[in-house]
Amino acid sequence: MDEIMRRRVYGADHDDPDPGPRPGRVYRELVGGPLDGLLLDVTGWTGVALADGTALITEIGSYGAGGRAEYGPRANEPYKWDWRGDTP
């Protein structure tokens, strides 16, 4: 758990002195692609949304500013979300 608490959360401001996870929130680890190693706050997401995954805005993907990186749950480790590719 200590390793998770030191990680940066997707969407946290770069100037935030504490960009890590917050107590009482639910996270998924992003694996691979441009957002590798970040945590995604999925607190309050529905079961369907958690099963489907999501496309996250990123400037460092294949499509630059405004592009998205798609991530979804790993079959045998649903708390890890694997990169599926980039989309415009």
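Guide: Arginine 22 counts as partly exposed because its relative accessibility is 38%, where buried means under 20% relative accessible area, exposed means over 50%, and partly exposed lies in between, computed with a 1.4 Å probe on protein chains only. Aspartate 18, at 43% relative accessibility, counts as partly exposed as well. The side chains of arginine 22 and aspartate 18 meet in a salt bridge, with 3.3 Å from N to O; by definition, a salt bridge is a side-chain nitrogen of Lys or Arg within 4 Å of a carboxyl oxygen of Asp or Glu. In general, side chains of opposite charge can pair when their charged atoms come close. By this rule, the count comes to seven salt bridges.

Before going on, please keep in mind that this is a predicted model, in which local features need pLDDT of at least 70 and side-chain atom pairs count only at pLDDT 80 or more, while totals for chains, interfaces and linings use all residues. Residues are numbered from 1 along each chain as its sequence is written, and side-chain values use heavy atoms, with hydrogens and water left out.

Another salt bridge joins aspartate 41 to arginine 25, whose closest N and O atoms are 2.9 Å apart. This pair links distant parts of the chain, 16 residues apart, since aspartate 41 sits in strand 2 (residues 39-41) and arginine 25 in the loop between helix 1 (2-5) and strand 1 (27-31). Helices (H or I, at least four residues) and strands (E, at least two) are DSSP runs, numbered from the N terminus. Aspartate 41 counts as partly exposed because its relative accessibility is 24%, and arginine 25 is partly exposed with a relative accessible area of 41%.

Further along, the side chains of glutamate 77 and arginine 74 meet in a salt bridge of 2.9 Å, N to O. Glutamate 77 is partly exposed, with a relative accessible area of 32%, and arginine 74 is partly exposed at 21%. A network of salt bridges links Arg74, Glu77, Lys80 and Asp82.

The strands in this region also pair with each other: strand 4 (residues 68-74) runs antiparallel to strand 5 over seven bridges, and strand 5 covers residues 77-87. Two strands count as paired if DSSP finds at least two bridges between them. Strand 4 and strand 5 form a hairpin with two residues between them, and alanine 69 stands opposite aspartate 86 in strand 5.
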